[in-house]
Amino acid sequence: MLRTSILRAIQAGKCVRMASSGGKDLPATRYHEAKRVEVDEILEKTPEKTPVKVSADETMDISGVPLEHIETRTARIFKPAKEATQTPWGNTLAWRIELDNRQRWENPLMGWSSTGDPLSNISMNMKFASKEDAVAFCEKNRWDYDIEEPNARQIKPKNYGQNYSWNKRSRIGTK
Amino acid sequence: MHRVGGQVARAAARATQQQRTMAAAAPAAPKKVEVFIDGKKLLCDPGMTILQACLLVGVEIPRFCYHDRLSIAGNCRMCLVEVEKSIKPVASCAMPVMNGMKVKTDSDFVKKAREGVMEFLLTNHPLDCPICDQGGECDLQDQAMTHGSDRGRLQSRYDGKRAVEDKNIGPLVKTVMTRCIQCTRCVRFANEVADFPDFGTTGRGSDMQIGTYVEKFFASELSGNIIDICPVGALTNKQYAFTARPWETRKTESVDVMDAAGSNIVLTHRTGELLRVIPKINDDINEEWIGDQSRFAIDALKVQRLLTPFVRGADGQLKPASWEEALFTVAAKMRETPAELKAAVVGGLTDVETMVALKDLFNRFNSENVMTEEEYPETSGGADLRSNYTFNDTISAVESSDALLLVGTNPRFEAPTINARIRKTFLYSDIQIGVIGAQTNLTYEYDYLGSTSKAIDDLLAGKGDFAKTLSNAKNPMIIVGAEALQGEGGAAVLAKLQQLSTKLSKDKNSKVLNVLQRWAGMTGALDIGYKAGTASLRKKPIKFLYLVGADEGKISRSNLDPQAFVVYQGHHGEKGAELADVILPGAAYTEKEGTYVNTEGRSQRGYPAVSPPGEARTDWKIVRAVSEVAGKTLPYNEIKELRARMSEIAPHLVRYRDFEPSSFSKQALELAQTGSSSEKELVPKQRDLPDYYQTNVISRNSQLMAATKRAALDARENPYMEPAVTQAAARA
């Protein structure tokens with residue numbers, strides 16, 4: 001009964017509190033005994049937000065990240081190389097971060113691979129539009145970092161006619 | 001895509017700007033051609049293909065047969081684009097750009113053309129992606145998804161599906177020829193890069209087959225690269241067959257140590273297990289290729305490893321021991337042996353970190369007896385001047401040289417990737433090559449000048465045609481193998497070559513003389529001041545010898561004091577471990593962070609993919625531990641601190657990937673001592689393909705390399721017999 005009444009009250013779109021009309025501290029058990037109270041009357045006024053400037057540095061102080069995943073780690077900021085096994089270059093466009101590779105072992109329970117390193121997957125999931133973004137991220141997390149500039153792609157003009165040049169070694173016979 | 005395209009365009013614009021500034025200096029620079037790609041205006045070099053012009057604005061054209069480093073074939077037709085005022089679609093990989101050309105790469109017309117090509121390709125391609133090793137990294141799979149139709153019209157009930165018999169091309173590459181789409185990339189690679197002209201096509205149309213016609217071993221030291229360039233699963237890695245999918249694996253970019261070129265590689269691993277090695281593009285060093293040893297010898301990293309420390313017991317047997325016991329035994333001996341009776345020898349695969357730590361340790365014990373196993377001349381300036389032992393002109397300079405002299409080296413097997421570059425230069429320029437050494441197949445034509453150092457004298461005296469070619473050349477280069485400089489008369493050879501290179505040098509920046517080292521660790525060792533060669537060890541009976549990966553058998557018990565105490569630290573116990581009283585298990589190059597200085601003097605960093613097996617530990621940490629137990633603690637606990645120490649010794653060691661030019665070549669010439677005019681044999685040890693496969697402790701322990709060597713020997717002896725199905729092949 002009580003539940004349905006509250007439900008109904010909620011359904012009516014207003015959050016109400018049932019105040020008892022009988023005993024002081026007793027809860028109202030009947031709907032008609034209930035006194036309608038607006039939400040705003042109950043809730044305290046929310047204090048106005050005063051923005052406090054917290055530097056990234058301080059955030060890391062209280063973040064609770066174990067120390068072994070802050071200072072001791074070294075990140076490599078790089079653009080992945082083109083997959084030698086495939087033609088396209090799409091994967092080489094974004095910058096990535098990779099932390100020093102730590103030990104993995106075979107878990108005796110299921111034979112799966114285990115690691116004690118919670119950050120071992122970040123290179124798979126994080127992409128940065130620019131080197132500076134990646135650096136900023138590393139600094140925020142207090143990781144040491146090395147930046148590895150990518151090897152620029154070289155596009156050297158080629159032409160089909162080389163196969164048929166009569167006085168060059170690039171001539172190709174029938175194959 | 002657009003943003004990225006913008007980046008590429010900016011880079012291109014920068015490049016054009018550079019070229020423009022260069023053009024101001026050089027007369028008659030070719031006029032730029034104006035092309036519109038999808039409405040975007042682009043100025044590009046004449047003679048470029050449409051496909052390349054599209055790359056400049058960041059538009060990737062789908063393709064199968066076109067490959068950046070091979071000649072243009074134009075047979076897959078996947079790269080069709082629409083060109084305004086052309087009725088038919090145009091194969092963009094083969095069509096040169098013309099002024100005012102308007103190219104559309106994404107119109108309905110193009111889409112329809114691509115869809116048609118894709119349908120034809122898939123008609124003759126099996127639907128076996130689930131059991132295909134290329135699945136997940138297959139160009140055909142990807143492009144069928146993006147450019148293909150959702151249905152095909154093949155009625156295999158009536159037409160049947162094309163099927164081709166598989167070929168046996170040796171123990172390294174697995175073939176499933178039914179999957180072949182006849183892009184002929186492998187054929188072009190075999191003919192242009194690997195110089196294996198037996199590989200070609202037979203038949204026409206749907207009967208066309210790729211292969212050697214008579215089945216034979218793919219006799220090339222670069223054969224593994226056809227696995228990478230194959231856009232489908234026709235050629236796959238036999239070692240890696242059915243092991244993993246690319247999306248399950250982790251990739252670690254690292255450096256190869258099988259030769260001194262320092263090829264860039266990507267180590268693929270999963271669940272702490274190393275699965276395969278693929279090349280990483282680096283135009284300065286290995287372009288896009290790696291040698292077969294670099295790619296396939298990794299099976300040795302899982303066998304014959306030293307897993308725990310060993311200490312020789314009272315009965316003369318090596319017994320497994322704890323790290324504590326081993327370290328205390330070593331430290332005690334180290335403390336009690338007088339400084340002049342101590343020595344350390346490092347092998348060719350050692351990283352710079354370990355060598356620095358070891359040298360610091362020995363210096364703390366007042367000993368300067370640290371040396372490399374590989375020899376190098378001491379007189380004529382020897383290793384004191386850096387220009388005497390590095391590849392001074394850089395590997396990529398081979399491409400612009402017009403006369404090349406190879407002395408006592410077989411780059412084909414000592415550094416396959418450098419040889420590939422020489423062959424490329426040979427094909428696409430008018431370079432003249434002369435060889436002093438062995439008359440073997442180097443994959444290019446050359447003038448054979450002799451097998452002894454007398455040929456150098458002749459060149460110095462200006463005798464012979466090649467001497468004229470060299471002196472007329474604008475950018476001459478001399479590549480001398482480290483092997484040629486070893487032993488008696490080696491220093492004289494170096495001195496003569498210094499004289500010759502000074503005579504030939506026309507430009508202040510080019511040193512002409514380039515030394516091709518054989519070991520990945522050698523240049524680094526000489527950079528930090530290791531003595532080259534173990535000769536000084538024989539002068540005094542050594543009582544305490546510390547070997548780090550020295551497995552070439554240059555030292556034996558007879559060279560040492562009868563009571564000598566030998567420590568061996570390394571990953572594979574071979575000849576060095578046989579001598580040892582204490583064995584300390586170390587890490588292989590895939591298991592540790594390490595710096596390697598390649599033959600150019602370019603310092604590069606390798607990263608660990610997997611962790612060392614068993615009780616094995618990172619090498620420099622072992623040395624650090626020994627130092628602590630011995631009471632002379634080295635002042636670095638972390639690799640960062642060690643690297644700071646390295647930069648104190650030689651700053652270029654931590655300036656990764658940069659080429660560090662060497663100076664003092666003039667002083668080197670002053671120190672040059674031609675000495676006696678005795679002739680020296682300059683024939684390199686590695687002459688034929690079977691000599692290539694097992695050259696260091698890792699590849700000697702590799703079963704697959706042994707099988708391949710056997711196959712290569714078979715192929716040499718019975719060139720017309722079909723190759724035997726090897727054990728490794730049967731396993732795959």
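1. Helices here are DSSP runs of H or I with at least four residues, and strands are E runs of at least two, each kind numbered from the N terminus. On that basis chain A of this predicted model holds five helices and six strands, and these follow one another along the sequence in the pattern α-α-α-β-β-β-β-α-β-α-β. Of the 175 residues in chain A, 26% are buried, and among the contacts in this chain between residues at least 6 apart in sequence, 49% join residues at least 24 apart.

2. In chain B, a helix to look at with some care is helix 10, which covers residues 352-364. Its 13 residues should span 18 Å at 1.5 Å a residue, and this agrees with the end C-alpha atoms, which are 18 Å apart. Helix 10 of chain B is mostly covered, with 11 of its 13 residues buried; among them are the charged residues B:Glu353, B:Lys359 and B:Asp360, as well as B:Met355 and B:Phe362. Just after helix 10 of chain B comes B:Asn366, whose phi is positive at about 60 degrees.

3. Which residues of helix 18 of chain B does helix 10 of chain B meet? The two helices, of which helix 18 of chain B spans residues 619-629, pack at an angle of about 15 degrees with their axes 8 Å apart, and are therefore roughly parallel, since angles under 35 degrees count as such. Their crossing is left-handed. From helix 10 of chain B, the residues B:Glu353, B:Thr354, B:Ala357, B:Leu358 and B:Leu361 meet B:Asp619, B:Trp620, B:Val623, B:Val626 and B:Ser627 of helix 18 of chain B. By class, this contact of helix 10 of chain B with helix 18 of chain B has six nonpolar, two polar and two charged residues.

4. Helix 10 of chain B also packs with helix 19 of chain B (residues 639-649), here at an angle of about 75 degrees and with the axes 10 Å apart, so that helix 10 of chain B is roughly perpendicular to helix 19 of chain B. The contact is formed by B:Val352, B:Glu353, B:Val356 and B:Asp360 of helix 10 of chain B, together with B:Ile639, B:Leu642, B:Arg643, B:Arg645, B:Met646 and B:Ile649 of helix 19 of chain B. The residues of this contact divide into six nonpolar, no polar and four charged. B:Glu353 takes part in this contact and also in the one with helix 18 of chain B.

5. A further pair in chain B is helix 13 (residues 454-461) and helix 15 (residues 490-504), whose axes come within 10 Å and cross at roughly 25 degrees; this makes helix 13 of chain B roughly parallel to helix 15 of chain B. The crossing is left-handed. On the side of helix 13 of chain B the contact involves B:Ile456, B:Asp457, B:Leu459 and B:Leu460, and the residues they meet in helix 15 of chain B include B:Val493, B:Lys496 and B:Leu500. The residues of this contact divide into six nonpolar, one polar and three charged.

6. B:Arg77, in the loop between helix 2 (50-56) and strand 3 (80-83) of chain B, has a positive phi near 65 degrees, and its 39% relative accessibility counts as partly exposed. B:Phe242 likewise has a positive phi, of about 55 degrees, and lies in the loop between strand 9 (235-237) and strand 10 (250-255) of chain B. Is B:Phe242 buried or exposed? At 55% relative accessibility, B:Phe242 counts as exposed, because the cut-off for that class is over 50%.

Conventions: Residues are numbered from 1 along each chain as its sequence is written. Chains are lettered from A and ligands numbered from 1 in the order in which they are written. This is a predicted model: local features need pLDDT of at least 70, side-chain atom pairs count only at pLDDT 80 or more; totals for chains, interfaces and linings use all residues. Side-chain values use heavy atoms; hydrogens and water are left out. Axes are lines fitted to C-alpha atoms, for helices over the stretch in contact, and angles run from 0 to 180 degrees between N-to-C directions. Angles under 35 degrees count as roughly parallel, over 145 as roughly antiparallel, 65 to 115 as roughly perpendicular and the rest as oblique. A crossing is left-handed if the near helix is turned anticlockwise from the far one by less than a right angle, and right-handed if clockwise. Contact means heavy atoms within 4.5 Å. The expected span of a helix is 1.5 Å times one less than its number of residues. Buried means under 20% relative accessible area, exposed over 50%, partly exposed in between (1.4 Å probe, protein chains only).
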